[in-house]
Amino acid sequence: MKIKGSTNIVGLIGHPVEHSFSPPMHNAAFKKLNMDYAYVAFDVDPSNLKTAIDGARALNVKGFNVTIPHKIHVMEYLDEIDEVAGLIGAVNTIDFKNMKGYNTDGIGAVKAIEEVTSIKNKNVVIAGAGGASRAISFYIAKYGADKLTILNRNVEKAQNLANDVLNSNLIGNVAADSIGKISNCLNDADILIDTTPIGMHPNIDDEAIAKSEDMHSDLVVFDAVYNPNETVLLKEAIKAQAKPVYGIKMLLYQGAESFKIWTGQEPPVDEMEKALRETLKLQ
Ligand SMILES: NC(=O)c1ccc[n+]([C@@H]2O[C@H](COP(=O)([O-])OP(=O)(O)OC[C@H]3O[C@@H](n4cnc5c(N)ncnc54)[C@H](OP(=O)(O)O)[C@@H]3O)[C@@H](O)[C@H]2O)c1
């Protein structure tokens, strides 16, 4: 890929950004499709966020991904917010064509799960009530789940998220409870989503939020943690002959959705996954 006078710039703003997997993933996609684009990471101090957005607009940047700590505040500087991103209250993608913000994190998780099973009419249990859970919960509702149960250590936080999802009118049945109740909830669940950092490197030997005895072979188990690839929870899922869905797929599909928004083209997901695996040093 040669940088030329005509090269279109897309990128990431966050603080910090140097460990991001997005530049190699997107640049591999542009190379594969022979597109005149380059993806760059920009470390933007929170005090410079507005200047960065105004500057990028003036420099004819085509699109940004947005990561911590800017996902909420950046909405102030956009002209339009996608409906579900507005419900979530955070954006991770900006399209400079119309200064519109989107949240592709939740779509990424939903697409990862839908490689294995449809979400429509399913009974879904989600552990955690932080940023990732919020993004995923609204998309689980949008994709037609029948029931969503949000389990968290801090139950009040789970209840607040459950109320917000219920108020969206995207789903009629949302419950909240303590994460300690997980084994009761899994008997009649179709999909379990873990958005807690339990099992994330270096804590790979943490106790999983659920054990194989709590699971059944029709259960789909998705872990948002992508390092290690096979977390303690996914090991338990495999032991129960349940179907594992790996966190790397959420990273992949959130990037693929952003790529579509910026370029209007179908992303080469196999090439993007290969680049992600190389960066994460996975097989
Ligand atoms: N694959 C991907 O593309 C992707 C994208 C985004 C995030 N993630 C992963 O998702 C995870 C969560 O990210 P986030 O941004 O949502 O974080 P967050 O906003 O800090 O939320 C973390 C959640 O996990 C719960 N939690 C933390 N430690 C716990 C413990 N020891 N036991 C039980 N619950 C615990 C917290 O419960 P309390 O409310 O009770 O504190 C909270 O609900 C991270 O591991 C991140 O790497 C993956």
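Strand 1 (8–14) and helix 2 (49–58) each contribute at least two residues to the lining of the second largest pocket; helices (H or I, at least four residues) and strands (E, at least two) are DSSP runs numbered from the N terminus. The model is predicted, and local features need pLDDT of at least 70, side-chain atom pairs count only at pLDDT 80 or more, and totals for chains, interfaces and linings use all residues. Residues are numbered from 1 along each chain as its sequence is written, and side-chain values use heavy atoms, with hydrogens and water left out.

A pocket is, on a 1 Å grid over the protein atoms alone, an open set of points where a 1.4 Å probe fits, with protein on both sides within 12 Å along at least five of seven lines; lining residues have an atom within 4 Å of a point. The second largest pocket holds about 170 Å³ of space, a volume being the space filled by probe spheres set on the points. Its lining comprises 14 residues, and Ile 9, Phe 42, Ala 56, Leu 59 and Val 61 lie nearest the centre.

Around the ligand there are 20 residues, of which Ala 129, Ala 132, Asn 152, Lys 157 and Ala 224 come nearest; a residue counts if one of its heavy atoms lies within 4 Å. Helix 5 (131–142) and helix 9 (248–263) each supply at least two residues of this shell.
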